[in-house]
Amino acid sequence: MGNKQTIFTDEQLDAYQVRLVCVFYSRLHGRYHELAPHLVPMDYTNEPDCKLPLALIVNMPELKENPFRNRIVESFSEDGMGNLSFNEFVDMFSVLSEMAPRELKAIYAFKIYDFNVDNYLCKEDLEKTLNKLTKEELTPEEVQLVCEKAIEEADLDGDNKLSFADFENMITRAPDFLR
Amino acid sequence: ERHRGKRRDGDGEKKKRKKRRRKGAHRAEEGEDEVQTRHERREREKRRRAKNDQEAKGRERDEEERVQTTSGKVAKTKKNIRNENTRRRVEEEEVEVEERLEKRKKKHGSAKKEEKKEDEGKQMVKEKEREVKKKKHKKETSEEEDDKEEDSKDEEMRPECLTPEELEKLKEAVDERKKLIQSLRGKPWPMKKKLVTLRESQEFVEKYEGALGKGKGRKLYAYKVMMTKKWMKFQRDFENFKTACIPWEMKIKEIESHFGSSVASYFIFLRWMYGINMILFGLTFGLVMVPEALMGRPYGSMPRKTVPRSEETSAMDFAVLWDFGGYAQYSVLFYGFYNNQRAIGWLKFRMPLSYFLVGVGTVAYSYMVVIRTMARNANESGVGDDNSFNFSWKMFTSWDYLIGNPETADNKFASITTSFKEAILEEQESHKDDNIHLTRFLRVLANFLVLCCLAGSGYLIYFVVRRSQKFALDGLENHTWWERNEVNMVMSLLGMFCPMLFDVISTLENYHPRVALQWQLGRIFALFLGNLYTFIIALMDEINLKREEEKIVKFNITTWEASLYNGTISENSTAPSITINPADVPRGPCWETMVGQEFVRLIISDTMTTYITLLIGDFLRAVLVRFLNYCWCWDLEAGFPSYSEFDVSGNVLGLIFNQGMIWMGAFYAPCLPALNVLRLHVSMYLQCWAVMCCNVPQERVFKASGSNNFYMAMLLVILFLSTLPAIYTIVTIPPSFDCGPFSGKNRMFDVIHETLESDFPAWFSKVFSYASNPGLVLPFILLMVLAIYYLQSTSKSYRQANVELKKKLQTQNEENKKKNKRAALKAQMDLEEARKAASQAAEEQKNNNASLQGQEDRQLLASRAPGPRTYHHGNHGASGYLPGFSEPRMCRVPSLQRH
């Protein structure tokens, strides 16, 4: 498929190809490899099992300035600790790309904002989100007020926390939910 | 045999489940299911094939099956429904108690019956298995329930049996797989699972697409994906390019992020103004100044294009040039320089006509732009005002995930914080309810005070102007400096102190800062109108004086010419006027140029004062506060002088009045738009810098109203007020006899008549004269007024309907929310009771298998009377209220564990 050096077997590429253009895929692998040249093998034909730690991925320029970078990486990793295998890495990029559908983004956005992984956005999650967004420049009362307001607005079933249904309902109506 | 049959039954069920799932929402387990079933299917298929070989009847049966498939569709669907039901019952059995609670009692009876039925069914199944015939039948059902793929696989093995029906089925299956492949990227599965599913579906499609005869779909798909990707990238790049093309966007964004949207709104307004002035500048420069400079008669060829002999010595002095006298006065910059020659140059450019049309076009264009912008703003604010998720959206969607630059990120953090602060302020303001009577009283009082101030200052201006006119009549020489400059001094003093006074008064009113800003703007606007009024009155006086002077000069010139001719005729009869240098010819005062000069001087002095106050009031103050703070008795930064805030209202008004001057003066001084463009350009940079380096954000950062229609409204008023005197002078005062493009005409607009008569065919002027007949014009105006009235009333009714609908929607939303909350509360209560009931049921089961009926009765009682929470039965302690279990679905978990 253009590149002489085989990183993937033909079958593997075939499988990937429909989802992503091949060139793009190997470029992504290049990025992955770049992060830790000593850890990631160039040869991916036998699907080696290696994972990159959170600290390395977070330092990518795409994520470096993002206040939620740790959460993003964690929510894409299988073990919840932020260690990403190559498949999860690809996953992350495909969701963050502009081609990804809105619904999928909503699902992962919910995961990202759900700090304590209980499938609900409760007040603590919102507080954390807010503090990350504003670099803790708001007073505690203001944070409190904003969180209460946000919950009041979006909570449809009255349990004082946002389930995914609430979140989706709210986020799909947002004018600038594009990322 | 029997074993296999059972297996198959289960298999079929699984398949059906899968099918149903796929038809419904895509669930996450689908892939797993698929993988499992695939293995099983393969095994089974192998087995069956072996059987087929063994049994000679196999083929026949298949055929039979097919026939039955077509004929007995109704029965099949019925069976499907029943099977579905039984499956649900099985599940229900597992979570018996809870499910029963969820579904109300009425359903229960039927459920029980169903269970019984199901048991019967099971038995029947067993019986069936023994009998060959029935077995056949059963197999058929399971086969039917099997995915079409199963069938199609058989068909594939034997392509000669491919009936159109199967072909259809196969197509469907392939399409389904394809759909799956396409929708795969939208599924929240981990990549591994996606890959596995994808590979399988792909294999399937590849295998059978060949049978259907369309194989190259994949490449096309990949190509399509690539193209969409490219297209999206292009779109994004184009967006970026567009934003990059907007001037000062980054600067304004930066200011907005630190100072809030109200300060940014001033800069946006400034930018908008700059755009308009660019257009005006283009018009006057391209259609008036350049043609005259290139194609008109050169400097020195005519009296109006030369500096008179008396001024020649000082014409190049900087002081004179700075005052726009000397060479500047006799240049393309002012009205007087233009010649009244009808067509100039080889292009036969109609200079006077062009001059007139540009003057009219400037005003018309400004009106059009202002009104259009206002309308658009009104539209925007009318439609996109959905604030139902204000805070949530701010919280979850405000971060821009494309930011990769630390500085931008810092700005973004600041802007998010500011926007949150703005939103909090709005929220607090909307919930503030103080003593209404007191606020009302205070507001009335404040308005009264402001009115007093305005009336006082108006009278003062009037008084001073009258006095100065008296002084002017007496002659300025025998008065003191103060008496000579009284008007200017009073004006500037009023302009300095009244806004402060208004500011103090407005604290009484306790308005939201945005409303307060509008009030402040309105009041200062009223004050500044006095400024305008004195200026116009002074100008009118001057014009009248000049016109009288002109009459005298005209008379003198005729006598001078007569004497000249008398002299020349006696000496030499040929070429009398060549000998006279144009600089020596006596000329009129040319009031138009004087007016233009006045405006240009005003603009220059205004610009200078703005810049100097900026440098002294903001920059110097900031420097002093910053560096004297180290050695001062009190804290300068927090205490008295502090840093200055950005004065939005003053700056906006300055801008608006400045623009008014441009509109008034542009007809007499074509250079004004150019000057204004320069000024706006410089002040954009200067003020941006000053704001970022020496101002502090306002104490209460507030959100500017999304559409700054208030600024626009003021601009419109000023535009109207400034075009009035300009039009008045054009229409009523005859132009000077010896300068400007309209010299020699009775009125300036005569140029239109002249053009119509000489440049257009006769019929056109005839039509025009008919059209301008009052008998036609008046009905037309009437019609327009009626149309406006009609549109106005319809738009009003639409707006009302809109408001009504919005209200309805809101109440509905609230109702829904309430309903949901009530339902959730009820579910919670039910859950609590259910847990109690469950625990009790367990207890009772332990003791003896108590009848379910009794328990249900009790439950019914409990749910009917939920008020008293004391129960006589069960152990409350074990099943107390658990905050985590709020949804009824969750209660299955403990019960499942128990069973």
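**Figure 1. Confidence along chain B of the predicted model.** Chain B of this predicted model has an average pLDDT of 74. At least 70 is reached by 68% of its residues. Two stretches call for caution. Across residues 55-160 of chain B, pLDDT stays under 50. The model still has 124 contacts beyond four places in sequence for residues 55-160. Residues 860-899 of chain B also have a pLDDT below 50. That stretch has 44 contacts in the model beyond near neighbours in sequence. Where pLDDT is low, the predicted coordinates should not be read in detail. For the complex, the predictor gives an ipTM of 0.79 and a pTM of 0.64.

**Figure 2. Chain A and its annotated EF-hand spans.** Chain A holds ten helices and two strands. Along the sequence, the elements of chain A run α-α-β-α-α-α-β-α-α-α-α-α. An unreviewed UniProt entry annotates "domain: EF-hand" over residues 101-136 and 142-177 of chain A.

**Figure 3. Burial, contacts and surface of chain A.** Of the 179 residues in chain A, 52% are buried. Take the contacts in chain A between residues at least 6 apart in sequence: 50% of them join residues at least 24 apart. The accessible surface of chain A is about 8200 Å². Carbon and sulfur atoms supply 52% of that surface.

Figure 4. The largest nonpolar core contains 94 residues. B:Phe267, B:Phe269, B:Val600, B:Val652 and B:Met748 have the most contacts inside it. Helix H13 (residues 261-295) of chain B gives the most to this core, with twelve residues. A second, separate core has 59 residues. Its members include A:Leu28, A:Val40, A:Phe89 and A:Ala174.

Figure 5. The unreviewed UniProt entry marks "transmembrane region" at several spans of chain B, among them residues 315-337, 486-508 and 710-731. Residues 486-508 are 100% helix and 0% strand. Their end C-alpha atoms lie 33 Å apart. Residues 315-337 are 39% helix and 0% strand. Here the end C-alpha atoms lie 15 Å apart.

Figure 6. B:Thr723 sits in helix H26 (residues 709-732) of chain B. B:Thr723 counts as buried because its relative accessibility is 4%, and the cut-off for buried is under 20%. A polar atom of the B:Thr723 side chain lies 2.8 Å from the backbone oxygen of B:Leu719. Leaving aside residues up to four places away in sequence, B:Thr723 touches B:Val363 and B:Tyr367.

**Figure 7. Close-up of B:Ser506.** Helix H21 (residues 486-509) of chain B carries B:Ser506. With a relative accessible area of 13%, B:Ser506 is buried. Apart from residues up to four places away in sequence, B:Ser506 touches B:Gln520 and B:Arg523.

Definitions and conventions:
Residues numbered from 1 in each chain as written. Chains lettered and ligands numbered in written order. Predicted model: local features only at pLDDT ≥ 70, side-chain atom pairs only at ≥ 80, totals over all residues. Heavy atoms only, no water. UniProt positions renumbered as here; feature names shortened; annotations may be inferred. Helix = DSSP H or I, 4+ residues; strand = E, 2+ residues; numbered from the N terminus. Buried < 20%, exposed > 50% of the residue type's maximum accessible area, 1.4 Å probe, protein only. Contact = heavy atoms within 4.5 Å. Areas by Shrake-Rupley, 256 points an atom, 1.4 Å probe, with all protein chains shown as cover. Polar contact = N/O pair within 3.5 Å; in protein donor to acceptor, adjacent residues only side chain to side chain. pLDDT = per-residue confidence, 0-100. Core = buried A, V, L, I, M, F, W, Y, C linked by side-chain atoms within 4.5 Å.
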